[in-house]
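Good morning, and thank you for making time for this presentation. Please have the sequence and the model open as I speak.

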Amino acid sequence: MGSSPKIAIRTLETVPPVMVQIQKLLREVKDAISLAQGVVYWRPPKQALDKVKAFVFEPQISRYGADEGIVDLREALIRKLHKENKLYKSSVMVTAGANQGFVNLVLALCDAGDSVVMFAPYYFSFYMAFQMTGVTKILVGPGDPMTFYPDADWLEQTLKETKPPPKVVTVVNPGNPSGAYVPEPILKRLSDICSDYGSWLVVDNTYEYFMYDGLKHSCVEGNHVVNLFSFSKAYGMMGWRVGYIAYPSEVEGFGAQLLKIQDTIPICPPIISQHLALFCLEMGPEWVTDQVKDLVKNRALLIEALSPLGKDAVKGGQGAIYLWAKLPNQYQNDFDIVYWLARRHKVVIVPGSASGCPGYLRISFGGLPKAETAVAAERLRKGLEELLAEGMVQ
Ligand SMILES: Cc1ncc(COP(=O)(O)O)c(C=O)c1O
């Protein structure tokens, strides 16, 4: 008798995906409103969707395309990187979303057993990508308690003391789940530290256009820096699955190594989606900023809804689509609070423990138009008032 086959320890020891748990909760609770998933409420520009409709019947749509992405899109992205991000020495690989781009990078840059750095609160999918590829030495650095700026002094000390130095340092700017941004001088300092100690810096710019109150997003470039981007949120293209990696052109063989991974996982990103992305780019960044500008109204509604938690409890939200709220000290089990709020008050949010911070909550202000956000905000406020006055009453 043979023994039964086993599932990989790497995968068994990877934390479960919080959004799958949250989606299950949403299915269970009738009429629940979601402030949980990191999505936007708009769809891609109508002109772009109309154009792509005509393309569906083209034979090349149904074939495999170039692994690294269709030429026209890659050329358009290089122009966009020059013009908008001031990245002049980067090559582009299009991926089936930024998450897949990140997995490509982890597979290309890290060996099992390497150490890496993330900053708390971290983006849960990237944590999982490290774990499931055998990169289990994940050093989690602190952010400033008020601003969540990554602690550059801590990074310098850590890279100095860790032998060999961590392979990859990741930063999400602006951040998921905090909604905090990384000011340019700090980003440059993080980049300099990584360069000094021979670590890669991977910066996720998924929310590059989601900046408020006059703040500006910026990128850094260097032969040790890789930038990640996504069409998902900016152009409402979540389900079309398009993102891209901007990697240093001068690093010999980088593209060739990435191609090994790309050819093994998606082969190529979906061709129809790449055409839609190209048509979206033709609309220009103004189309995106026009959608994004009204999100401050949603943010204001939710800041007000979170006010029962106290003045200093709610942070972040300078960028991206998230607020980050601290629960009162007696409520460290944020999962319980999330389930209670969903079942009793029919509003769903994300527990902070998924990002390494028990006792916190992530609230998304991007997924619903203003009127629905107002309904969700009202439920959230009532729920928090009840929690603070009477606890988790059933
Ligand atoms: C910081 C960050 N990176 C990447 C992603 C995933 O983007 P994509 O849909 O392009 O895979 C998300 C989605 O929530 C995100 O918040």
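I shall begin with a pair of helices. In this predicted model, helix α12, residues 295-305, and helix α14, residues 370-390, have axes that come within 8 Å of each other and cross at roughly 15°. Angles under 35 degrees count as roughly parallel, and therefore α12 is described as roughly parallel to α14. The crossing of these two helices is right-handed.

Which residues make this contact? On the α12 side they are Lys297, Asn298, Leu301, Leu302, Glu304 and Ala305, and on the α14 side Lys370, Thr373, Ala374, Ala377, Leu380, Arg381 and Leu384. Sorted by class, the contact of α12 with α14 comprises seven nonpolar, two polar and four charged residues.

From α3, the residues in contact are Gln47, Ala48, Leu49, Lys51, Val52 and Phe55; they meet Ile272, His275, Leu276, Phe279, Cys280, Glu282 and Met283 of α10. Here the classes are nine nonpolar, two polar and two charged residues.

I turn now to the nonpolar cores. The largest of them has 107 residues, and those with the most contacts inside it are Phe130, Phe210, Phe231, Ile363 and Leu380. Helix α10, residues 271-283, gives the most to this core, with eight residues. A second, separate core has 16 residues, among them Leu155, Val171, Ile193 and Leu201.

Isoleucine 363 deserves a moment of its own. Leaving out residues up to four places away in sequence, isoleucine 363 touches Leu35, Leu302, Leu306, Ile321, Tyr322, Leu323, Ala325, Ile349 and Leu380. Two of these names have already been mentioned: Leu302 of α12 and Leu380 of α14 both belong to the contact between those helices.

Let me continue with individual positions, starting with threonine 95. This residue is found in strand β2, residues 90-95. Is threonine 95 buried or exposed? Its relative accessible area is 0%, and it is therefore buried. Beyond its neighbours within four places in sequence, threonine 95 is in contact with Gln100, Gly101, Asn104, Arg241, Val242, Gly243, Tyr244, Ile245, Gln262 and Pro269. Between threonine 95 and valine 203 there are 108 residues of sequence separation, and the C-alpha to C-alpha distance is 16 Å.

Serine 355 is placed in a loop, the one between β12, 350-351, and β13, 360-364. How does serine 355 count in terms of accessibility? Its relative accessibility is 2%, so serine 355 counts as buried. With residues up to four places away in sequence set aside, serine 355 touches Pro121, Tyr122, Phe124, Pro177 and Trp324.

Pro121 brings me to the backbone. The peptide bond from alanine 120 to proline 121 is cis, with omega near -10°. Proline 121 lies in the loop between β3, 115-119, and α6, 124-132. Another cis peptide bond joins lysine 163 and proline 164, with omega about -10°. Proline 164 is located in the loop between α7, 152-161, and β5, 168-172.

Which residues other than glycine show a positive phi? One of them is lysine 86, with phi near 55°; lysine 86 sits in the loop between α4, 71-85, and β2. Alanine 320 also has a phi near 55°. The position of alanine 320 is the loop between β9, 314-315, and β10, 322-326. Alanine 320 has a relative accessible area of 0% and is therefore buried.

Glutamate 184 and valine 220 are separated by 36 residues in sequence, and their C-alpha atoms are 8.2 Å apart in space.

To close, I would recall two points. Leu380 is among the residues with the most contacts inside the largest nonpolar core, and Leu380 is also one of the α14 residues that meet α12. Thank you for your attention.

Notes
Residues numbered from 1 in each chain as written. Predicted model: local features only at pLDDT ≥ 70, side-chain atom pairs only at ≥ 80, totals over all residues. Heavy atoms only, no water. Axes fitted to C-alpha atoms, helices over the stretch in contact; angles between N-to-C directions. Helix = DSSP H or I, 4+ residues; strand = E, 2+ residues; numbered from the N terminus. Parallel < 35°, antiparallel > 145°, perpendicular 65-115°, else oblique. Left-handed = near helix turned anticlockwise from the far one by under 90°. Contact = heavy atoms within 4.5 Å. Nonpolar A, V, L, I, M, F, W, Y, C, P; charged D, E, K, R; others polar. Buried < 20%, exposed > 50% of the residue type's maximum accessible area, 1.4 Å probe, protein only. Core = buried A, V, L, I, M, F, W, Y, C linked by side-chain atoms within 4.5 Å.
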